[in-house]
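Colleague: Please take a close look at one part of this model, the nonpolar core, and then at the packing and contacts around it.

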Amino acid sequence: MPQLVHKPKRKALLIAAGALGLVAFGALSGAIILLSGAYSTAATTQHFKVTHQVLDAGLRLSVRASARHVRAPDLDRPGMLARGVACFRTHCVQCHGAPGVAPIPAARGMLPIASNLTQTAREWPPEWLYYVTRKGVRMTGMPAWEMRIDEDDLWATVSFLTRLPVLTREQYRRLATRAEDLTCRTPTGVPFEGSREYAKVIFRQYACHSCHRIEGVVGPRAHIGPSLLEWSRRKFVAGVLPNDERNLIRFIRDPERVKPGSLMPRLEVTEAHAREMARYLLDEGAR
Amino acid sequence: MSLRALIAAATLVLTARQSSSDVPHRITGDVQRGQQTIVRLECGVCHVIPGIPGARGRVGPSLAAYRRNVYIAGRYPNLPEVLVRFVRDAPSLAPDTAMPSIAMSEREARDIAAYLYSLE
Amino acid sequence: MSEMRLPSALHAAPGSGAELLSELGLVLYCGAGIIFIVVVALALHATFAKPSPAGTRAWIVGGGIVFPLLTLFLLLNYTLAVGSAVAALESGTALQLLLDCFGIDAQKRIPPPSPGTMRVHVIGKQWWWEVRYEIVRGDTSTAVLANELHLPVGEPVELLLTTTDVIHSFWVPSLAGKVDMIPGRTNRLILRANTPGLYRGQCAEYCGGQHALMALYVKSQPRREFETWLQRQARSVTRPDDAFLLAGYEAFFKGTCPDCHTVRGTPATGKSGPDLTHVGSRYSLAAGTLRNHVGTMAGWIAGAQDIKPGNAMPDSEIYTGRELRALAAWLGSLE
C-alpha cells in the first residue's frame with residue numbers, strides 16, 4: 001500500500017510550498033510598495049476602512065491588556081474635578097475639543113484624528129483613560145503626559161473625563177471659567193531614579209533626540225545640536241563650562257543663561273529630570 | 001563686516017538661489033590642502049576628525065559628518081563665511097568658547113572649511 | 001613658531017660621534033653581507049658539486065679557524081679604534097669609555113668640566129626630559145627648561161644624564177650614540193653639533209606606556225644667538241599687564257597647576273612637572289608630542305589624558321572655556 005503513505009506526504013508538501021509562496025508573495029509586494037514609494041504618507045489620504053477598524057481594535061486590546069493592573073483611586077474627592085478641568089483646558093482641549101468647543105485648526109488636520117473624548121469616556125473605564133493619558137499612543141499625535149502632569153492631577157483629569165459625556169455646552173463653559181486660576185501640576189520627582197532605561201524615556205519625552213544623538217535613544221541622525229554620544233569623555237558643556245553634573249544640569253535647564261545666544265531652547269526641564277539626564281550622559285563609562 | 005551683516009548676506013544669497021542641498025556648502029577652498037593644514041595645526045588635539053590620523057580629542061565636539069551640522073557653536077547657521085571666520089577666530093563669534101583664535105591665513109581657513117564640508 | 005625642518009634621524013651630522021658610529025655600522029653590515037654571500041655560495045657548491053676529497057683539511061682549517069680568527073681580530077681592533085675616537089670626541093679619553101663599560105662609580109669620577117665646556121643636566125622622567133643649564137657665563141643662576149636642548153655650534157657640551165624614576169636612554173641619532181639614564185647614577189655624554197640645525201631625539205629605552213611619546217629637540221645655533229637665548233631662559237617672568245593674559249595668569253593659580261609646575265618670578269614653585277617659565281618659546285609640548293601653539297596648549301591642558309594616557313598631568317576639569325583660552329594664551333606668551 002505504498003500510495004496511501006505517499007499521498008498525505010505530498011499534500012503536506014503542497015501546503016508548505018503554498019504557505020511559503022504566500023509569504024514570499026507578501027514580502028515581495030510589501031517591498032515593491034515600499035520601494036516604489038507608492039504608499040502615501042500624506043495626512044490627506046485616509047486609511048482603508050478595514051485598516052482603521054483593525055488599528056482601532058488593536059489599540060483597544062492593547063490598552064486593556066496594559067491597564068489590567070491599574071487601580072483607580074476615589075475619583076470623587078473634593079477639589080479633584082476642578083484640578084481635572086484645569087489640566088484638561090491647559091493640555092487636552094486643543095486637540096480633543098469639548099462639548100461645544102472645536103479642536104484648534106492644526107488638530108483638525110491630523111491623521112488619525114484625536115478622538116472625541118465624550119464618546120471614549122462613555123465606553124472606556126477610568127483605568128484605561130488613565131493609562132492612555134499617562135503613556136500616550138504611539139504613531140498617533142497623543143503624547144505621554146507622565147512627565148508633564150503629576151500623578152494626582154492625572155487622576156484628576158480622568159475624574160473630569162468621566163463626567164465629560166454628561167456636560168452641556170454651558171456647564172463645560174462654566175467649569176472651564178472657574179478653573180482659570182488653577183494650574184495643572186507638573187511632577188517634581190522621578191520614578192525609577194537612577195534607571196538608565198527610564199533616563200532614555202526622559203530624553204525622548206523632552207524631545208532631546210530631535211536635535212542630538214544620544215546613546216541608546218533611537219531617533220533621527222540629528223545634526224542640529226552636537227552629538228551626545230560618548231559624552232562622558234567630553235571636557236566642556238556647550239564649549240563653555242567644565243563638563244560635570246552640576247554644570248550639565250545648569251545648562252540643560254537654562255541654556256541661555258550659561259551661553260547667551262545659544263539656539264538650544266529652554267525646555268522647562270525639572271531639576272530631577274535634568275539630574276537623571278546628566279547622570280545618564282556622564283555615566284556612559286559605567287555601562 | 002559685522003557678523004550680522006555677514007549672516008544676512010549669506011542668507012540672502014541662499015534664498016535667492018533656491019537652496020539645493022549643496023548650496024550652503026559652496027566654498028572656494030582646497031579639500032586636500034585643508035586636510036594638510038588640519039594635520040599641521042593639530043586640530044585633532046581637541047576634535048575627533050574623520051580622515052585625520054590621531055584626531056581623537058574630546059575637548060571640542062566631534063567634527064564627523066560636519067557637512068550635515070546645522071549650526072556653528074550652537075549659535076550661528078552653518079554657512080561657509082561663518083565657518084571660515086569661526087575656525088580662525090572662534091572667540092569673536094562665541095566670546096565664552098574654549099576654542100582660541102588660531103593663527104592662520106584666510107586661505108588656510110577656507111581650505112579647512114572646505115575639508116570640513118567634505119565630511120558627509 | 002616657524003616651520004620646523006628636521007633632518008632625517010638616519011642622517012648623521014658631519015663631524016659628530018654619530019658620523020663615526022654610522023661609518024662603523026656601515027662597515028660591519030657590508031662585511032657581514034659579503035661573508036654571508038660567500039658562505040651561501042660555498043654551501044650551494046658543497047650541495048651540487050661532485051664530491052672530491054682533495055683539499056678538505058685546507059678548507060676546514062682555512063675557512064673554520066684562520067678566517068674567523070683573522071676577521072674577528074681585525075674587526076675588534078677597528079671597533080676599539082672607532083670607540084676610542086668617539087670617546088675622545090665626546091669625553092676626552094678612551095679610558096673613560098672603558099670605565100663606563102665596567103660601571104665604575106660615575107658620580108665620584110666625573111671631574112669638574114674643563115674650562116669652556118658647558119654643563120647641562122638632562123634628567124629623564126616619565127615621560128619627558130628636564131634640562132638644567134648649570135652655568136650662565138659665570139653667573140650661578142640656572143635656566144631650567146624641558147624637552148629641548150640648545151647648543152652653540154661646534155662646541156662640546158657636557159651632558160650629565162640621570163633619571164628620577166625608571167631607566168631611560170638619551171638618544172639624538174643624528175649627533176651621538178645612545179646613553180642610558182639610570183636611577184642613582186649620572187652618565188656623561190659630550191655632545192657636539194658642527195652645523196647649525198634642529199635635531200630630534202628620542203628616549204631609546206622602553207620606560208612605560210608613553211615611552212614612544214618621549215622625544216626632545218636639540219637646536220644648535222651660533223654662539224651669540226645661543227647666549228641671547230640662554231640669558232632669556234634664565235630670566236624670570238612678571239605678572240602680565242594685559243587683562244586677558246592676567247585672566248590666564250589667575251586661572252593658572254586657580255587650578256592645581258602651581259602644585260607641579262614652576263614659573264620663575266611667580267609663586268608657582270611645583271617641582272614634579274616641567275618648568276614653564278618660558279614654555280611659549282619651546283618647539284613642542286608634551287615632550288615632542290604636539291607642536292606648540294595656543295590651540296595645542298589649550299587642548300593639552302584640557303585633555304592631557306586623551307593625548308598621552310597615563311601621564312602625570314591630569315585633565316583640567318575646572319576651567320570655563322574663556323579661562324582655558326586665557327590660560328593657554330598666557331602660557332604661550334611666556335617666551
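Modeller: Two residues are taken to be in contact if their C-beta atoms, placed from the backbone, lie within 7 Å. The model is predicted. In these terms, and leaving aside neighbours within four places in sequence, C:Val122 is in contact with C:Trp129, C:Val131, C:Leu149, C:Leu159, C:Leu161 and C:Phe170. C:Val122 belongs to the largest nonpolar core, which has 117 residues. The residues with the most contacts inside that core are C:Val122, C:Leu175, C:Leu327, C:Ala328, A:Met277 and B:Ala113. Apart from this core lies another, of 29 residues, with A:Cys92, A:Tyr130, A:Trp155 and A:Ala179 among them.

B:Ala113 also takes part in a helix packing within chain B. The axes of H3(B), residues 80-88, and H5(B), residues 106-117, come within 9 Å and cross at roughly 115 degrees; the crossing is right-handed. On the H3(B) side the contact is made by B:Pro80, B:Leu83, B:Val84, B:Val87 and B:Arg88, and on the H5(B) side by B:Ala109, B:Arg110, B:Ile112, B:Ala113 and B:Leu116. By class, eight of these residues are nonpolar, two are charged and none is polar.

Chain B also touches chain C, in a contact that takes 15 residues from chain B and 20 residues from chain C. On the chain C side, strand S12 (290-291), helix H8 (294-307) and helix H9 (321-333) each supply at least two residues. H8(C) gives the largest share of that side, 10 residues. The chain C side comprises nine nonpolar, seven polar and four charged residues.

How values were computed:
Residues are numbered from 1 along each chain as its sequence is written. Chains are lettered from A and ligands numbered from 1 in the order in which they are written. This is a predicted model: local features need pLDDT of at least 70, side-chain atom pairs count only at pLDDT 80 or more; totals for chains, interfaces and linings use all residues. Helices (H or I, at least four residues) and strands (E, at least two) are DSSP runs, numbered from the N terminus. Ala, Val, Leu, Ile, Met, Phe, Trp, Tyr, Cys and Pro count as nonpolar, Asp, Glu, Lys and Arg as charged, and the others, Gly among them, as polar. Axes are lines fitted to C-alpha atoms, for helices over the stretch in contact, and angles run from 0 to 180 degrees between N-to-C directions. A crossing is left-handed if the near helix is turned anticlockwise from the far one by less than a right angle, and right-handed if clockwise. A nonpolar core is a set of buried Ala, Val, Leu, Ile, Met, Phe, Trp, Tyr and Cys residues joined through C-beta atoms within 7 Å. A residue is buried if 20 or more other C-beta atoms lie within 10 Å of its own, exposed if 12 or fewer, and partly exposed in between; C-beta atoms are placed from the backbone.
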